[in-house]
Structures are given as structure tokens and as C-alpha cells.
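The entry is shown first, and the remarks follow.

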Amino acid sequence: MNPTTDLPDDAALPGIVAMRALGVSRALGLARALLALGLEDAPVAMNLVGYSPGSRATLEVRVGQRRLAVKAYAEDPTPEAVLYQALAAAGLSGDSGVRVPPLLAWDRDLRVLVIGWLEGPPAYDLVKQGQGQRAGELAAQWLRCAASLPVRLGPPFGAARTLNRAREWVSLLREADRTLGDAATRLAASLAQVQPREDTPRLVHGTFYARHVLDLGDGPGVIDWQRFGQGPLELDAGMFLATVWRLDLDHEALRGEATRALTALLEGTRGLLDQGALAWHRAAALLRLASKVHVVKRRKTVWLARAHALLAEAARLAEDARQAEPVKRAKPRAFKLRGAALELVLQALSTRPATPEELDQIRRLLDDA
């Protein structure tokens, strides 16, 4: 697992205060108690690797030879914890193949999750190393897996929700620069005119950035599931490709890696994704990335030209979405849960007794699969 959020620039003290407010100062004791490591005398090392003001903080924790991630949240993380249990029941928390971090413990009152650590470079770094094709292959592997997962947890995501959020993105861009606001307004109007038709929703990550997909050697690992939901696979694919394209934009030497990632992703998901819908969600993702002007202005002197470039590419993709022919999707393979799925979930929950409501939710999930 790797750093997944932006750390405070030069505000270490407020960051520490925020971490304490999120309960991180008590999280180490929770990890020891719930995991029953039996390593009371083992040295503990910790490092802040992720920080989103007002949302969450992530610590890398080493206790003896064990390496964990301790995540403290401003809101109740139980939905994410239940998702990890469902994915474990589907066989995605093992030691090989496509996987997510295993949930080791959580505490609703402290708003803390303790999860296993996945080791591998993110697709973000692969692209920077000139391995765009490998990055695209990893994303395609995950999307094929997600297409057949019997997990029906999370709020509805899709084009309608994206268009609703686009109002905020346009407002942020107009606040930063009038010309950006004008371009964003035109783009949002174009997207509203060609909103894609969506069929059966699937589990989507919600923030499927290239930095959230790890190369574990024999398959991808996908981390940071806080924003998961139910929606079209094109939403995640579009965000992944948008973050890769942004890397190409920022690093001239990488020009072409986004194309290689796109080619590999399309080849690996042949018949699974609708090209018009994919172009639409790529355009929407670029609008979302362009709206992060308040962050980029502190780091890049060329922030204005950069934002215009993101919007111009998004406008091109919106036109592609308008002209695309609908594709007949291939039926994804059936995904079979492991025979002892319920027992596996209940065993995982034994680190902290689950409430009757949580157990009922997981039973319904497995019954519906």
C-alpha cells in the first residue's frame, strides 16, 4: 500500500491536531488489543501516509514484523468495514490474484479501521516509469473482476449523480478564473445532452485513481474504498484513464503512456465497456480533476493552462460520446462465492463482536449473491 492522499503542505501542527480529533492517538491501542498480537514489547513505528482534512487520516504502523494500515475517520466507517467483509467472502483478501486489503479490526465508536498492508507500486508510478501498458492491464483485470462480483452494497452512482456534482465543479472553476468557468459551463451542458443510458449497476470504487491500483505481481490490489457505490463500470474506467492522461499532461517525457494504458484497458475489457459511456465518464472525470484548482495553484505555476488543457480534452471526449455507437456488452462470467463464505465473514468479524444488524446485512448480501 502506498500514500493515497495529499499530506499537509506546511501545516504539521494543525494536521496532528486533526489526527487526534479523528481518534488516531487511540488507534494503536486498538490495533494491539483487537489483533491480539502478543507483541507488547515489540517496537512500534508509525508514519502518516494519508491525510484528508476533515475526512480521514491514514497511518502506516509497524509492530514487530507486522505492517498494518490504521485509518481514522471523521464519520462512521462501518459501511466500508462491511464492504471489506463482503469482498473477503468473495475471495478477494487472499495472498494471490486480484485482491483488496483484508480487514483486521474496526471500532465504530473510535471510527477506526485496521487493515492489512498491500505491497506493490501503484499504477501511477508505473506510468511515470513508462509502463502505461502494464497500468492499463491491471485496471482491466480489476474491471473484469468487478463486472462479476455479487456485491450490492453502496449508494447509487451514475451519470445523473455526476451531472449534479458537476455544478460544484463548474462553480469552483469559475471562482478561480472566468474563462475556466465559461469552458466548464459549456462542457457540463454538452455532457447533459449526451447522458449515457445505464443498465445493471456494479460495485464501483468511486475514486479509481491510478494511485489506488497497485501492482502486486500476479494481479492488481485496489485500496481506499471509502467512496464506493453502485454504478456503471465506465465510471471507474473513466476516472482511471483521466488520472493517467493527467500524468501525460504534466510530464512531457510520458507522452503516449496514456494511449498505451487506454489500449491495454480496452483490450482487456473487450465487450465489457460501452465506448460512448466510457468517453462520457472520462470527460466528466477530467472536469472533476480540473476543478481541483485550489490545490494545483499552490504547486504549479502553469495551473491555468493545465486546467484549460484538461477541459479541452474533456470537450473532445464529450463529442466522442455524442458520436459513439452503443456496444452490445458481453455477459460477465458468474462469480461464485466460496462455499464457507458466511463462516469466513463471521470469523473475520470475531475481532470485534458484530451487532445483530450488521450480521443480518451480511447474511442478506450473501443470500442475494
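**Notes on the predicted model**

1. F240 is buried, its relative accessible area being 0%, and this should be read with the caution that the model is predicted. Setting aside neighbours within four places in sequence, F240 is in contact with A123, A135, G136, A139, F208, Y209, A210, V213 and L265.

2. The count of aromatic pairs comes to two. F208 belongs to the loop between strand 6 and strand 7, whereas F240 belongs to helix 8 (residues 233-250), so the pair ties together parts that are 32 residues apart in sequence. F208 is also buried, with a relative accessible area of 0%.

3. The loop between strand 6 (202-204) and strand 7 (213-215) also holds T207, which counts as buried at 9% relative accessibility. Leaving aside its neighbours within four places in sequence, T207 is in contact with H212, D224, R227 and R288.

4. Which residues have the most contacts inside the largest nonpolar core? They are L87, W142, L149, W225, F240 and L311, in a core that has 88 residues. Helix 10 (residues 275-290) supplies the largest share of this core, namely 10 residues. Apart from it lies another core, of 11 residues, with V63, V70, A72 and V114 among them. In soluble globular proteins, nonpolar side chains tend to be buried together.

5. Helix 3 (residues 78-89) has 12 residues and reaches 17 Å from its first C-alpha to its last, which is close to the 16 Å expected at 1.5 Å a residue. The helix is mostly covered, with 11 of its 12 residues buried, and the buried residues include T78, E80, Y84 and Q85 as well as L83 and L87. Helix 3 is followed by G91, whose phi is positive, near 90°.

6. G181, in helix 7 (residues 178-193), is buried, with a relative accessible area of 0%. Beyond its neighbours within four places in sequence, G181 is in contact with V170, L173 and R174. The C-alpha atoms of G181 and S291 are separated by 9.7 Å, although these residues are 110 residues apart along the chain.

7. One charge placement may also be worth a look: R161 lies over the face of F157, at 3.9 Å from the ring centre.

How values were computed: Residues are numbered from 1 along each chain as its sequence is written. This is a predicted model: local features need pLDDT of at least 70, side-chain atom pairs count only at pLDDT 80 or more; totals for chains, interfaces and linings use all residues. Side-chain values use heavy atoms; hydrogens and water are left out. Helices (H or I, at least four residues) and strands (E, at least two) are DSSP runs, numbered from the N terminus. Buried means under 20% relative accessible area, exposed over 50%, partly exposed in between (1.4 Å probe, protein chains only). Contact means heavy atoms within 4.5 Å. The expected span of a helix is 1.5 Å times one less than its number of residues. A nonpolar core is a set of buried Ala, Val, Leu, Ile, Met, Phe, Trp, Tyr and Cys residues joined through side-chain atoms within 4.5 Å. Rings of Phe, Tyr and Trp (its six-membered ring) pair if their centres lie within 6.5 Å; planes under 30 degrees apart count as stacked, over 60 as edge-to-face and the rest as tilted. A charge sits over a ring if NZ of Lys or CZ of Arg is within 6 Å of the ring centre and within 35 degrees of the ring normal.
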